[in-house]
Structure formats: C-alpha cells, structure tokens
Amino acid sequence: MTTSSTSVLFGTIDEVGTALADGSITSLDLTRAVFDHIEAIEPDIHAFIRLNRSDALKTAEEADRRREANASLGLLDGIPISIKDQIITKGLETTAGSKILQGYIPPYDATVVQRLKAAGAIIIGKNNQDEFAMGSSTEYSAYGATSNPYDFSRVPGGSSGGSAAAVAAGAGFASLGTDTGGSIRQPAAFCGVVGVKPTYGRVSRFGSIAFASSLDQIGPITRNVRDAAHVLQVIGGPDPRDSTCRTVPMPDLLSDLEGGPKGLRIGLVKEAFEPDGLAPDIAERVLETANQLEAAGAELVKVSLPSLPHAIAAYYLTATAEASSNLARYDGVRYGQRANMGNARKVDLVDMYNQTRSEGFGPEVKRRILLGTYVLSAGYYDAFYVKAQRIRTLIGRDFQRAFEHCDALCLPTSPVAPFAQGERTSDPLQMYLADIYTIACNLARVCAVSVPAGLDAKGLPVGVQFICNHLQEPMLLRVARACEVQTGGYCPPAPVQGLVTEGP
Amino acid sequence: MPISRKDVEHVAKLARLQLTAAEVEQMTRELGTVLDYVARLDSLDLDTIDPDFYEESESLPQRDDVPEDSLTQVDALKNAPDDDGCFFIVPRVV
C-alpha cells in the first residue's frame, strides 16, 4: 500500500471490498497495513488482548489466491475483522478478559466465527473487554484498560470496549461484540461507531462464553450501518447447536436499507428524557436527531415505557443470578487456571476450588457472583429472581404497546458521555445506573442499535439508540441508516490520526 | 443494612470464594447498596403478573438425535491443568 492509502483503513467494508475486487489492493497488503496500524496505535489504545498475525497473513494470502482464481467467497472475503475475547476462536487463546482463563486454547470455533471464516473474513485478533463482559468501561479487564480513541484519558465504554475502540481507530473493518445489558451499544456510542444488539435468538450463542444466558446476544460493531448489515447477514440465522436460536431464516438486510425516513413512525420515549442523570447535551443531540428525521419525512410520536424505571433492578437480579450459575464451571479442573496448591497433603478438592476461584476472578466478577448466589439462595428465589421475571413481563408488555404506535423507538444510548478512567470504579451502583437505556431491550429480547449522532461540547461522541420489535432487524437497520444520513455518522478520531504520521 | 457480614460469608462459601476480612467488609457494603436499590421493587404489586421465561415465548427446538463427531479425548484434555492422558486429576476428594 502507498502512504496515501492509509485512509482506506478508516473506510467501509463496501469501499475496501470494491478495492479488493478490482485488484487495486490485495488482502495481504491490506492485512499487513492493518497490523502496522495496530502497532502504531496500540500503546495508546490497547484494544487487543491478543493478535493473530501469522495466521491472519496466511488466510489473507488464501483470500488473494481465491480472488485470482475467480473463486471469491463474497464481500467479506479477505477483509480484516476482530473478535471480542468473550467469543471462542479455535486454536487462538480466549480469556474473556479473565485471569482464570489465561492460556485457554479453544478446541472449536463459535458458530459466528465459523461463519465469518467460511465467508473468508480474516481474524486479526481478540479484543479487550471487561472480565466476563461484566462492566461498562473495559476497566475491569485482567489485562489492563482500553482507552477511548477520541480522548485517551477516557474510557471506551464496555464491556465490548476493545471492539468499539478498535473499529473507531481503524484497526480492522468490523468487530463482533456481545451485549447482555448494553455491552455492544454503549461502547459503540462512546467510540462514535455503529453497534447492533440483535433480537434474542437471532444470532447463535454457541461459543459465546456464557454470562447471563437469557440476555446474551452477539452482534456487529462497524463504522457504518451498511457494514453492520453485511456482518449480521453472515453471522445470523438458525443454528442447531443453540436451541434458543430462532428457527426463522435471516431476511435480506440490504434490500430495505436505503428505504429512507419517509413514512417511518419514530417513537420518542417519554421516560427516557426524565432521569436526573441525563446529560443535557446528550438529550439535545438525540432530540435534534429525531427532529432531523422528522424534517426528512418521518413522523414523530410520543410513547411511554412506564416500567422502564424498574429495569435496572430487574436486570441486575436476573444477570447476576444467571452469572453465578454460569461461572460455577470455572473450577480449575477441566480448563483455565488452577491455583498452585503446593504439595500439602491436607489440600482437598474444595480448597482447590476456593483458592482457584478467589485468585482467578477479579473484584467485579466476585461481586456479581456473590449477589447472584444470594439472589438464588434458599428463601430468596421468589423474592428476587422470580420477581425480576415478573418485571420482565411488564417491560415486554410496555414495548408491545409502544410498537402499536410506531416502527422504532428513539432514545439516548447512554445518559452520560465517555467518562475519565477511574472516575466510576469506586461506586458499582453508579456504574450500573448508567445502563438505564440499554438493559430494557435485553430484558424484552427486542433488537436495538446505537448510531453516531455527532459530538458533544467536549468533542466526545454521542450515540442515539433505536429499538425495534422482535425479528425486525430490516426495519431497525433502515431507521439506523436514515439516521446516519442525517447525522453524518462516523468520523475518524483526531487523536488516532495524530498517531499515524506516515503510512507503510 | 439489608445484608449482613454473616450473609456475605455464607454466600461466599456457597459460591466457593474465599474472601479476606477486608473483602467481606467491602462486599457487605457494596452489595448492601445494590440491595437497597433493588428494594424499590417491593412496593410493586406483581402477584397477578406471570414471570416471563423464554420457554413460553417460543418452543425450543431440539436437533434430531443423530450421533455426530464430538471432541476427542485428547482435545478435551488439552486445556486441563492436570491430567494423566485419560482422566482429569484433582486433589483428594475425601
């Protein structure tokens, strides 16, 4: 590649796909350029836990050979993509950001990874994240924090902060994240990129390390809406290996994508603009975006989600209960780290469990395991877990009622702008409360997207969120695309461009 | 406080986590704050509302019961902290 073409690294899948197809670049040169770029920015961003350089260059050569032989596998063939460390990759160490899984080499690929590889995508590495996806800032990784590409002293959001930071910083053309309570959408908003949480069951969870099984979904993080459609098209659809995966086929996500805002009914959620914690310039940006859509032909309607204020409590009961059960598997027996117990003859199995888990898990994971164990413990199951599932019914009904009046809901993705590193780690509840706008979707299993909506007064990205009903991803992406046209969407972060003096 | 030190020590035992005295102190405080917040749900009358479990929203399909290749013993043992080529090795149980 020439020096002038480093800008291709900040481009879209369609642009680079065209360049690969017409032979103006090769996948090998492109992949090399991505790794050179990563080398330049990683000391400041730290979006990756692990790089997959030699394997990626090898698969890039294979992609080039396929293209020469007119046997390309499609648009994603030869395109560098990264994967959150929560998602397992055959032969490539996967830790979910935890010390307890250090050294774990998965013996198989997650379904989504298998599908990306079958489409020819180049897996460049594993993205940093909060340990086991528990966090909203990527500060709870056992492998160090990730920085926001727009301001290195601030967090990229989380838990998929490494994925969002990598994509925003031009390190790969897409990433897969996981979203249990906003872990794709909130970092996408903080890093000025697009993040999609599909309908529960739209994308297979096989090979996604389980956090809260009734809430987890895998989805794409990309620089524009069209790229998200390309990636979701490949990774989604039925999978016999995940019985919670819906059996309906994934519809064509591109045919309605440019449908535009005319005739769309956008619901502004009354309760979403009420919380005290909502930053005024975020509220302003979101309302301005809605007004732009209205001016372009959409209809704005007012809707209500009366149970929204109960969502955080219901979420943290559900998610911690399920996590305490899912994380019981880390016992130092079958995989991952085992505490060094010496040769003491008195050591028994339970001692080993205790020590392994105490050394292997970080503070936030321990906090959630303890809360979840308490919530599920004798006498409390009905008072906590079942109660949370009743709230879930109410929230689901709220959404169904709202969707009688509109095609998509519009609200902020996060009530706050990207905050400074270390600012919120001392107060877990404050960190949880910032998830107010994202968690209701996971509880109701509906699909949602965060779209870049410009910058706030400090020059930090603001995300606007749209939510559509179950399996309405074509509508969701159409609305997101219409929004992106109005807001201008992604713009490369100036601090990162400052790091890249001259290209390869 | 809605949760006592004793409660925290009890659930830590159930969860196979060993906490230092300082950790017990900290967790008691932090879990207390979260449980205080969660207590807001107590004022809601939810008795007539059914819990929303996924099984009710869509039947969970099962694949046909046809044997297929799965992990080999060698692959299954590859990540074990301790094994003898056939079994996972653990410290004494009794």
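**Reading chain B**

Tutor: Start with charge: the 9 positive and 22 negative charges of chain B have mean positions 13 Å apart. Lys and Arg count as positive, Asp and Glu as negative, while His and the chain ends are not counted. Each charge is placed at NZ of Lys, CZ of Arg, CG of Asp or CD of Glu. This is a predicted model, where local features need pLDDT of at least 70, side-chain atom pairs count only at pLDDT 80 or more, and totals for chains, interfaces and linings use all residues. Residues are numbered from 1 along each chain as written, chains are lettered from A and ligands numbered from 1 in written order, and side-chain values use heavy atoms, without hydrogens and water.

Student: How many helices and strands are in chain B?

Tutor: Helices (H or I, at least four residues) and strands (E, at least two) are DSSP runs, numbered from the N terminus. Chain B has 4 helices and 0 strands.

Student: What is the radius of gyration of chain B?

Tutor: It is taken over C-alpha atoms; the globule rule is 2.2 Å times the number of residues to the power 0.38. Chain B has 23 Å, whereas a compact globule of 94 residues would have a value near 12 Å. Its C-alpha trace spans about 55 × 45 × 20 Å along the principal axes.

Student: What area is buried between chain A and chain B?

Tutor: Buried area is the accessible area (1.4 Å probe) that two parts lose on being put together, summed over both. Here that is about 5100 Å², with 66% from carbon and sulfur atoms. On the chain A side, Leu370(A), Tyr374(A) and Arg390(A) lose the most area to chain B, together 13% of what that side buries.
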